[in-house]
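Colleague: I would like a close look at a single part of this model. Please set it in the context of the whole chain before going into detail.

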Amino acid sequence: MASRKRFSSEDTGDQDTPLPASKQTRAGDKRHVAALVLARGGSKGIPLKNIKTLAGLPLIGWVLRAAVDSDVFDSVWVSTDHDEIEKVAKSYGARVHRRSPEVSKDSSTSLDTIQEFVRLNPEVDVICNIQATSPCLHPFHLKEALSMITAQGFDSVFSVVRRHQFRWQEVKKGSDELTKPLNLDPANRPRRQDWDGELCENGSFYFTTSDLIVNSGLLQGGRVTYYEMLPEYSVDIDVDIDWPVAEQRVLRYGYFGRITPEVVRLMFCNISGCLTEGRIYLSVSGEEMVSINTRDTAGIRMLQEEEVEVMLLTSTVDPVAQSLADKLAKRTGCQVVQVGEEPLNDLKKMVEARELDWKDVAYMGNDKADVPCLNRAGLSAVPADAPVVAVNASKYTCHRAGGHGAVREFAEHILLQKKKAKSLKKQDRIDCSSF
C-alpha cells in the first residue's frame with residue numbers, strides 16, 4: 001500500500017509527516033477492514049473438515065457468525081477452492097475469494113493465499129485472517145483486538161493463550177544426547193500458582209495491515225502485539241481432532257448469535273419427520289399408527305419439568321388422524337395443533353397470545369415450509385435427515401434422525417443453553433458487585 005501523509009491544522013509550509021502503516025488511511029479517513037477465512041477443500045486429516053457439522057453448525061459457520069456479528073468489518077470473505085464450501089460461506093453472508101490453483105496446493109502457505117487476496121482486493125487496508133478451526137471465537141475478541149490497531153496504533157495483532165506447561169528438549173531416536181529443560185529449573189520447580197506460564201499462539205486470528213503483507217511478506221511485523229484469549233475459548237480442531245470432545249467445549253463456550261435465548265419458554269415441534277420418522281402405518285382395519293421413540297418423549301418431559309411448554313404440530317397438508325393426535329397428546333402431555341401450509345401465520349398468534357418474543361421460542365421442523373419459523377425462532381433445529389433447505393435455515397442440526405432421538409437431542413441443547421444463560425447472568429451480577 002502506498003505511503004499516506006497527514007496534514008494537520010498546525011502544519012506550515014510544505015511540511016508533511018509520513019504515517020506508520022497502522023495509521024495510514026484512504027480518502028475520507030476510513031480504512032477498509034476485511035475478515036478473511038481460509039478454507040481449502042483438501043483437508044488431509046478430516047475430509048471437508050471446514051464444513052463438517054460441529055455442535056449443529058458447519059465448522060466454518062462458527063467463525064463466520066462471530067465475524068459478521070462483530071460489526072467491525074467492512075467485508076467478510078472466505079477463500080476457498082471448493083464449491084460446497086463456497087455455498088456454505090455465502091449462506092452465512094460471506095463473500096467468496098475463489099483462490100487460484102497456484103495457492104491451492106498442499107505446499108501453499110496461508111501467506112501465499114492472503115497475498116493473492118490483497119492483490120485482487122486493493123481497497124482493503126487491514127486484514128483479519130481468522131482460522132476456520134477456532135469455533136469458540138466471539139465477536140468481542142475481534143472488536144477488542146482490532147481496537148489495538150485502530151486506537152493504539154499497532155500494525156499487527158495476533159491471538160495467544162497462556163499455557164502452564166514445562167517444556168523439554170527433544171532427543172532424536174538413537175541419539176546419545178540427554179534431554180534438558182527449556183523453560184524451568186528442576187532444582188527450583190515452581191508451583192503453578194507461582195508461575196505466570198508462557199504465551200503461545202492459538203491461531204484464532206491475525207490482524208495485519210495490507211502494507212505488511214504485500215511489501216514485507218509478514219503477518220506479524222511493524223509495531224506488533226498480542227491479544228490474550230482465555231483457555232476455554234482456545235479450541236483448535238487442527239489439534240483437537242476428537243470431534244465429540246470439541247463439540248462439548250463449543251456447546252459450552254461457543255458464540256450462539258446476537259440474541260442469546262435467556263429462557264426458552266415455548267417449543268413447537270413437528271410430529272411428522274421430527275417426533276416420528278415420517279411414516280404412518282395402516283392397520284387392516286384402516287387405523288393409522290405411528291412409532292415414537294421413548295428417548296424423545298423423555299426429552300419432552302425434561303423440557304416440561306423446566307417449565308417449557310411444548311406444542312406438537314401437524315399440518316393440513318399432511319394431517320394426523322384426530323384419534324392419533326389425541327393419543328399423542330395423552331402420551332406426551334402436549335397440546336397437538338394443526339397448522340396450515342404456512343405454519344408461521346398460525347404460530348405468530350400463539351406466540352403473541354402468550355406475550356412472548358420469538359427469541360423465547362424454540363422450533364423444530366424438517367422441511368421447506370418450516371424455513372420461516374426456523375429463521376424466526378431464538379433456537380431452531382432439524383433432524384439429521386432433513387433436506388438441505390431446512391438445514392441451511394436452522395441454527396442447530398441434530399446428529400440423530402427424526403423419530404430416532406432428534407427431539408431428545410434438541411431438548412438437551414435447549415437446556416444446556418438455558419444453563420449457560422443463567423451462568424452468564426450470575427457472573428454479570430458478580431462482576432457488577434465488584435465495583
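How many helices and strands does the protein have? And which residues of helix H4 are buried?

Modeller: This is a predicted model, in which local features need pLDDT of at least 70, side-chain atom pairs count only at pLDDT 80 or more, and totals for chains, interfaces and linings use all residues. Numbering starts from 1 along each chain as its sequence is written, and side-chain values use heavy atoms, without hydrogens or water.

The protein has 13 helices and 19 strands (DSSP runs numbered from the N terminus: H or I, at least four residues; E, at least two). Of its 435 residues, 47% are buried (under 20% relative accessible area, 1.4 Å probe, protein chains only). Take contacts (heavy atoms within 4.5 Å) with a separation of 6 or more: residues 24 or more positions apart account for 66% of them.

Now H4. This helix covers residues 139–150, which makes 12 residues. At 1.5 Å a residue, H4 should span 16 Å (1.5 Å times one less than the number of residues). The end C-alpha atoms of H4 are 16 Å apart, so the two values agree.

Its buried residues are Pro-139, His-141, Leu-142, Ala-145, Leu-146, Met-148 and Ile-149. In an α-helix, residues three or four places apart point the same way, because there are 3.6 residues a turn.

What do the buried residues of H4 pack against? Their partners include one helix, H1 (59–70). The strands are E3 (33–38), E8 (126–131), E9 (156–163), E10 (198–209) and E11 (224–229).

Definitions and conventions
Buried < 20%, exposed > 50% of the residue type's maximum accessible area, 1.4 Å probe, protein only.
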